[in-house]
Amino acid sequence: MALINILESIRDWLNKEVCCDYQFKNEPPENRSNAEDYNYSLVHPQAYIWYVPPEGRTPSVTIQFTEGQMKRFEKEGSAKVKLLFATWDTGMHGNNKHFEINQEGWRDVWVFISGTLRKMRNTTFLGKNIRIRHEDGIKFGTISENEMLPNYYPFWCAYIEFSIQFGVSSSDEDVNDVI
C-alpha cells in the first residue's frame, strides 16, 4: 500500500466517522471575532493531510506521519501517526448579540479529542489493511513549544499520537496509482 493511500484512508475515516459527529464555531472573517454583531456559525471539522489550507483552518484535524518503518522481506510496515486538532472559540456568544470574552474555548478541542479517542478505541482498522496498534497505546496532549504551553488564543490546539500497521505491496502498482 502506498503511503499516500494510507494518509488518504485515515483522512477519509476521520471525515466519515468523527468529523461528521461534531460542530464547532467557524473562524470568522478577519477582524470580526470579537465584534458584538458577529453572528458565528457552527460547522463540521475537516480532516487534512499534512497542512491546513488558509481558508479552512478551524475547526480541523491534520494528519501527519512522525516516523515509519518497512523491512525489505516483510509484507507489512508500521508508522507513528500524529493527529493535530485545532478549534477556534473566543468566548460566549449569547442572545441579543451579547458577547463575553472568556478562556473557556479549550473545551471545544478536548470534546473533539475525546470523541476521536472513543471512536478509535472501538475501531481496529482505519482502512483496508491499516490497523491501529492498540497494544502500543494511544497518546494525547496539548501542543507545546519548548515544554511550554503557547498562547494561541482564540485558537485551541491538541494532538493524538498512535501507531499503525499496514500491508506492503511488493509491486510498483500502488505507487503508480497515486502518481
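The model is predicted, so local features require pLDDT of at least 70 and side-chain atom pairs count only at pLDDT 80 or more, whereas totals for chains, interfaces and linings use all residues. Residues are numbered from 1 along each chain as its sequence is written, and side-chain values use heavy atoms, with hydrogens and water left out.

## Overall architecture

The protein chain contains 3 helices and 11 strands. Helices (H or I, at least four residues) and strands (E, at least two) are DSSP runs, numbered from the N terminus. Read from the N terminus on, the order of elements is α-β-β-β-β-β-β-β-α-β-β-β-β-α.

Of the 179 residues in the protein chain, 37% are classed as buried. Here, buried denotes under 20% relative accessible area, exposed over 50%, and partly exposed the range in between (1.4 Å probe, protein chains only). The accessible surface of the protein chain amounts to about 10,900 Å², and carbon and sulfur atoms hold 48% of that surface. Accessible areas come from the Shrake-Rupley method with a 1.4 Å probe; for residues, only the protein chains shown count as cover.

Contacts (heavy atoms within 4.5 Å) can also be sorted by sequence separation. Among contacts in the protein chain between residues at least 6 apart in sequence, 64% join residues at least 24 apart.

## Strand 5 and its partners

Two strands are taken to pair if DSSP finds at least two bridges between them. Strand 4 (residues 60-70) and strand 5 (residues 76-88) run antiparallel and are joined by 10 bridges. These two strands form a hairpin, with 5 residues between them. In this pairing, Met70 stands opposite Gly77 of strand 5.

Strand 5 also pairs with strand 11 (residues 155-167), in the antiparallel sense, over 13 bridges. Ser78 is placed opposite Gln165 of strand 11.

Lys82 is a residue of strand 5. Its relative accessibility of 24% makes Lys82 partly exposed. Lys82 and Gln64 are 18 residues apart in sequence, yet their C-alpha atoms are 5.2 Å apart in space. Leaving aside residues up to four places away in sequence, Lys82 touches Thr62, Ile63, Gln64, Thr66, Tyr159, Ile160 and Glu161.

## Salt bridges

Side chains of opposite charge can pair when their charged atoms come close. A salt bridge is defined as a side-chain nitrogen of Lys or Arg within 4 Å of a carboxyl oxygen of Asp or Glu.

| Asp12 | Arg11 | 3.1 Å |

Asp21 is partly exposed at 43% relative accessibility, and Lys119 is partly exposed with a relative accessible area of 28%.

In the pair of Asp12 and Arg11, Asp12 is partly exposed with a relative accessible area of 42%, and Arg11 is partly exposed with a value of 25%. Asp136, at 40% relative accessibility, is likewise partly exposed. Arg131, Arg133, Glu135 and Asp136 are linked in a network of salt bridges.

Asp108 lies in helix 2 (residues 106-121). Asp108 is buried yet has no salt bridge, and the nearest side chain of opposite charge, that of Lys25, is 6.3 Å away. For such charges, Lys and Arg count as positive and Asp and Glu as negative, while His and the chain ends are not counted. Not counting residues up to four places away in sequence, Asp108 is in contact with Phe24, Thr87, Trp88 and Asp89.

## Cysteines

A disulfide is a pair of cysteine sulfur atoms within 2.5 Å. By this rule, the count is 0 disulfides. Cys19 is in no disulfide, and the nearest cysteine sulfur, that of Cys20, is 7.6 Å away. Cys19 is buried, at 1% relative accessibility, whereas Cys157 is partly exposed, with a relative accessible area of 23%.
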